[in-house]
Amino acid sequence: MNPEPTNPRTANRHETGGPSAILPVIGERDLPPGRHQFHKERLMNRIHDDRRAVAPRNPFLRKAVLLPTALAGALAVGVLVLTPGGTPDAGDRATGPALTTTIGTADAHGAPRLLDRISLAAAGAEAPRPHADQYVYIETRSASTHVKTVGDVSTLVGVPLHTRQSWRSPDGRRGWLIEPGTTGPEGITLEGTDEKGNVPEPHLGAPSHDYLAALPTDPDALLRKIYEETEGQGNGKEQQAFTTIGDLLTESWPSPELTAALYRAAAKIPGVVTVDGATDAVGRKGVAIARLDETSGQRTEWIFDDKTLTFLGERTVQVVGSGGEEGLIKPGTVVFTHAIMTRAFVDDIKVTPSGTAS
């Protein structure tokens with residue numbers, strides 16, 4: 001699913017601050033493997049690779065959704081609050097058991113130019129950095145649609161729009177997560193060791209803020225590293241690279257330099273297109289950079305404000321054929337939608353940029 005000195009800023013204009021076993025009597029399958037990975041929290045960095053493998057993603061990983069919050073006051077020197085703007089369209093917010101949308105038109109030739117403009121906008125942002133004892137706070141809103149099968153009956157169901165809050169230390173060793181339906185009201189710790197008793201090391205599939213700071217900002221070197229470290233994962237080399245970059249953009253807070261490099265690296269991936277219209281999880285409309293997964297028929301779209309080129313979030317839409325059990329996921333179904341609301345550096349877990357306890 002990367003970010004950062006010590007002065008408050010308005011970032012990027014809109015920013016501030018294996019398949020499951022079937023039980024003997026009743027078999028129940030939740031999210032399809034590819035999308036369930038989206039929800040796999042890099043909980044204590046236990047799951048180390050293949051974020052699109054057959055095993056579902058940690059349910060504590062990802063995404064959440066609602067309306068943009070106003071810029072909150074900085075909690076302390078060095079805290080940066082990010083609140084994406086944009087005008088929500090109430091009619092396009094993620095609601096209902098099955099999310100649907102109008103499929104935008106893809107342009108196979110416009111991606112390099114748009115990504116160049118987006119990378120220039122990203123590179124121009126300020127670069128705040130957290131203190132070692134602070135936390136990267138990310139608040140997102142998301143919803144999803146999947147097929148659920150009980151016995152012999154399959155139905156299309158949705159995970160409703162909800163808010164997810166995470167706190168991670170720069171080194172990635174300390175953290176907290178609150179997400180309705182995934183954790184209790186008080187949340188859960190993201191600290192811990194792996195099955196061998198070792199503290200997991202950050203990597204591309206589960207990066208820490210410090211790890212991101214050490215990644216190359218040369219687009220060719222960066223893309224080469226992504227290809228090498230994700231080899232054998234997902235539905236092909238290029239699709240997995242696009243997915244990995246999207247996860248880095250949405251699940252962390254990269255520095256402006258790295259963010260710009262990620263966009264330039266994406267421009268080098270074959271099959272990347274522009275989409276003339278897309279709506280994020282809270283109804284904010286924009287343009288999109290996208291890529292079609294030819295195996296699943298689903299297109300992942302990174303959504304940007306069409307005026308400021310601020311990154312608003314991403315969504316995955318079924319655009320070719322039908323997916324899921326019994327082909328219940330029809331073209332136009334939003335399989336997953338995610339909106340970034342706030343990113344900031346705060347002084348403690350369960351503390352928001354406004355200084356209030358969550």
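User: How many salt bridges does a search of the whole structure find, and what is a salt bridge?

Analyst: A salt bridge is a side-chain nitrogen of Lys or Arg within 4 Å of a carboxyl oxygen of Asp or Glu. In this structure the search returns twelve salt bridges. The model is predicted, so local features need pLDDT of at least 70, side-chain atom pairs count only at pLDDT 80 or more, and totals for chains, interfaces and linings use all residues. Residues are numbered from 1 along each chain as its sequence is written, and side-chain values use heavy atoms, with hydrogens and water left out.

User: Where do glutamate 229 and lysine 225 lie?

Analyst: Helices are DSSP runs (H or I, at least four residues), numbered from the N terminus. Both residues belong to helix 4 (residues 219–229), four residues apart, about one turn of the helix.

User: Are aspartate 280 and arginine 284 buried or exposed?

Analyst: Aspartate 280 is buried, with a relative accessible area of 2%, and arginine 284 is buried at 0%. Their side chains meet in a salt bridge of 2.5 Å, N to O.

User: Which residues are linked in a network of salt bridges?

Analyst: Arg299, Glu301 and Arg315 are linked in such a network. Within it, glutamate 301 pairs with arginine 299, the closest N and O atoms being 3.0 Å apart. Glutamate 301 and arginine 299 are both buried.

Notes:
Helix = DSSP H or I, 4+ residues; strand = E, 2+ residues; numbered from the N terminus. Buried < 20%, exposed > 50% of the residue type's maximum accessible area, 1.4 Å probe, protein only.
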